[in-house]
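Take a look at the model below. We start at a metal site and then turn to aromatic rings.

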Amino acid sequence: MRSWPAPDPHDLPGAGRLPGRGLPVRLHDTATGALAAAGPAAPGRAALYVCGITPYDATHLGHANTYVAFDLLGRAWRDAGHDVTYVQNVTDVDDPLLERATATGVDWRELAAEQVQLFRDDMTALSVVPPQEYLGVVEAVDLVAAAVRDLLDAGAAYRVPGTGGGPDGDVYFPVAADPAFGQVSGLHAAAMRALSAERGGDPDRPGKRDPLDPLLWRVARPGEPSWDAAGLGAGRPGWHVECTAIALQHLGMPVDVQGGGSDLVFPHHEMGASHAQVLRPHAGPFARLYAHSGMVALDGEKMSKSRGNLVLVSRLRAAGEDPAAVRLAIVSQHWREDWEWTGALLADSRERLARWRAAVARPAGPDGAAVLARVRERLAEDLDAPGAVRAVDAWADAALAGAGQDPDAGDLVRRTVTALLGVAV
Ligand code: 5CA
Ligand code: ZN
């Protein structure tokens with residue numbers, strides 16, 4: 001699948017475009033609950049997998065928050081001298097997408113194609129650096145089917161009899177097959193079971209060995225899309241194994257960071273990691289670090305497609321909003337915190353952006369190198385973009401008050417903010 005156009009290389013870090021070099025990045029790891037080094041120790045290749053959208057109701061501010069968060073990571077890595085290999089999927093076949101297509105009388109392929117295009121346009125507008133590999137499940141069915149066959153061959157998959165008139169033979173993954181199961185979320189069984197029911201699992205389905213066992217391959221049902229896969233029969237992939245198969249094929253194991261919103265910790269990232277660890281039993285954990293962004297709320301509730309309380313990036317753009325102000329609103333929040341989208345936040349960001357633009361246009365200001373150093377330091381410490389924003393605020397206030405004699409400061413701060421925060425000033 002086509003991804004989206006990259007920002008102008010001059011607006012990105014790396015390749016000596018900013019003086020000096022960024023610091024090694026530390027991130028909060030969900031699996032350990034502690035800060036840890038993210039990415040290679042010395043400049044090298046950093047492998048990032050971030051779960052992509054299920055293409056309907058794209059792109060709301062919650063989605064945007066997640067992709068901007070991991071874009072900050074990619075930029076900090078580039079600034080530290082790494083080559084970033086970034087892979088992202090599109091869940092273009094899954095129950096909620098099919099349900100929405102049926103409910104609205106649209107072909108599911110058309111719905112997905114139209115929503116993915118909207119997402120591409122929104123990501124481009126938000127200056128998000130595109131993944132090198134952007135893959136839909138439809139394109140990856142063979143890959144996923146091969147992973148499911150491998151699990152069956154390894155004795156780490158089993159078939160379940162049909163229930164409620166459904167066909168026999170849906171394939172499930174026994175969570176007991178992975179000795180490290182539970183390591184990503186660290187949750188107890190009762191919490192796992194509740195989340196499984198809430199987030200696409202089927203803990204009450206009879207015939208499973210463990211209520212938590214997730215679906216790997218769903219045997220074809222009338223009216224549902226299906227693919228004929230050797231050894232599996234007609235059907236379609238389960239959700240978690242899709243991301244595992246794509247990540248293993250395009251990044252290998254371990255990936256440096258597996259990312260997504262915090263609603264993916266369990267079951268999605270727990271199951272995805274277990275699939276990979278069983279498929280490659282001697283390759284260590286699936287990811288060296290699991291990173292999860294906070295949830296964005298609207299009117300006191302998590303922004304979600306099921307609640308319908310959405311603010312769409314495309315609507316803001318259509319209303320004439322500067323995407324740089326939207327991105328600044330996002331980066332002024334800490335990526336791991338839950339936060340609330342409000343009109344006041346956007347208005348503040350608009351005002352802040354205007355102030356920054358006026359400040360960098362001044363003929364002189366306080367030392368720009370100190371701002372670059374402070375922004376790098378804040379980003380390296382668990383992507384503290386709000387700390388970086390405060391540093392730029394302080395500099396801009398001083399510059400606008402006429403302080404400082406550095407004639408290069410405006411240009412350096414403009415390049416710092418554009419390259420590291422991805423906010424075009
Ligand atoms: N296709 C799957 C991942 S393989 C999926 O979760 N798609 S999604 O469209 O539902 O979400 C895409 C990304 O946005 C996920 O990382 C999810 O955690 C994140 N996300 C969804 N809602 C919010 C929200 N309200 N706030 C922050 N992030 C969110
Ligand atoms: Zn995923």
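Three residues hold the zinc ion (ligand 2): Cys51 (SG), Cys243 (SG) and His268 (NE2), at 2.0 to 2.2 Å. Donors here are N, O and S atoms within 2.8 Å of the metal (3.2 Å for Na, K and Ca), and sites may look incomplete, since water is not among the atoms. The model is predicted: local features need pLDDT of at least 70, side-chain atom pairs need 80 or more, and totals for chains, interfaces and linings use all residues. Residues are numbered from 1 along each chain, chains are lettered from A and ligands numbered from 1 as written, and side-chain values use heavy atoms, without hydrogens or water.

What is the spacing of the donor residues in sequence? It is C-x191-C-x24-H. Cys51 lies in the loop between β3 (45-50) and α1 (61-79), and Cys243 in helix α6 (residues 239-250), so the pair ties together parts 192 residues apart in sequence. Helices (H or I, at least four residues) and strands (E, at least two) are DSSP runs, numbered from the N terminus. Cys51 is buried, at 4% relative accessibility. Cys243 is buried too, at 5%. Buried means under 20% relative accessible area, exposed over 50%, partly exposed in between (1.4 Å probe, protein chains only).

Now the rings. Rings of Phe, Tyr and Trp (its six-membered ring) pair if their centres lie within 6.5 Å; planes under 30 degrees apart are stacked, over 60 edge-to-face, the rest tilted. There are nine aromatic pairs. Phe70 and Trp335 sit 6.0 Å apart by ring centres with planes at 75°, so they are edge-to-face. Phe70 is in helix α1, and Trp335 is 265 residues away.
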